[in-house]
Amino acid sequence: PLYETVSSVPPPESLEAFANLDPSLTAVTFFSPSAVTAFLELGAEFARFLSRAAIVTVGPVTTERVRGAGFEVAAEAARPSDEEVVGCLLRLGETR
């Protein structure tokens, strides 16, 4: 394979900090299907966050993974690039 995806578990203090995040955080970006999987494997707090967040994906394969996990995608980048994802976030911010 060209690369291997390796998941890592953040330290407990990071997970606790996430659980106490400011509720004004309203969006999350995913750049790969494996990132979606790893995020959900971190626990129920992370799934709850996704259920209320605007999810932006880098492309159709990542969008499929998000939807397959039962979540709605607010925006998908037209081209797979950082700039396109940021553009999606900016457009979402204008409509909220």
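Are Phe 39 and Phe 49 buried or exposed? Both of these residues are buried. Keep in mind as you look around that this is a predicted model.

**The aromatic cluster**

Let's start with the rings. A pair of aromatic rings is described by the distance of the centres and the angle of the planes. There are three aromatic pairs in the structure. In one of them, the planes of Phe 39 and Phe 46 stand at 90°, so this pair is edge-to-face. Phe 39 counts as buried because its relative accessibility is 14%, under the 20% cut-off. Phe 46 has a relative accessible area of 4%, so this residue is buried as well. Phe 39 also forms a tilted pair with Phe 49. That pair links distant parts of the chain, 10 residues apart: Phe 39 sits in helix H2 (residues 33-41) and Phe 49 in helix H3 (residues 44-52). Here are the two pairs side by side:

| Pair | Centre to centre | Angle between planes | Type |
|---|---|---|---|
| Phe 39 and Phe 46 | 5.2 Å | 90° | edge-to-face |
| Phe 39 and Phe 49 | 6.5 Å | 50° | tilted |

Ring pairs join Phe 30, Phe 39, Phe 46 and Phe 49 into a cluster.

**The sheet**

Phe 30 takes us on to the strands, where its bridge partner is Thr 57 in E2. Strand E2 (residues 54-57) runs parallel to E1, and four bridges join the two. The open sheet has three strands in the order E1-E2-E3, with parallel pairing. Strands E1 (27-30) and E3 (75-76) are the edges, each pairing on one side only. Finally, helix H5 (residues 82-95) lies across E1, E2 and E3, and runs at about 155° to E2.

Methods:
Residues are numbered from 1 along each chain as its sequence is written. This is a predicted model: local features need pLDDT of at least 70, side-chain atom pairs count only at pLDDT 80 or more; totals for chains, interfaces and linings use all residues. Side-chain values use heavy atoms; hydrogens and water are left out. Rings of Phe, Tyr and Trp (its six-membered ring) pair if their centres lie within 6.5 Å; planes under 30 degrees apart count as stacked, over 60 as edge-to-face and the rest as tilted. Buried means under 20% relative accessible area, exposed over 50%, partly exposed in between (1.4 Å probe, protein chains only). Two strands pair if DSSP finds at least two bridges between them. Contact means heavy atoms within 4.5 Å. Axes are lines fitted to C-alpha atoms, for helices over the stretch in contact, and angles run from 0 to 180 degrees between N-to-C directions.
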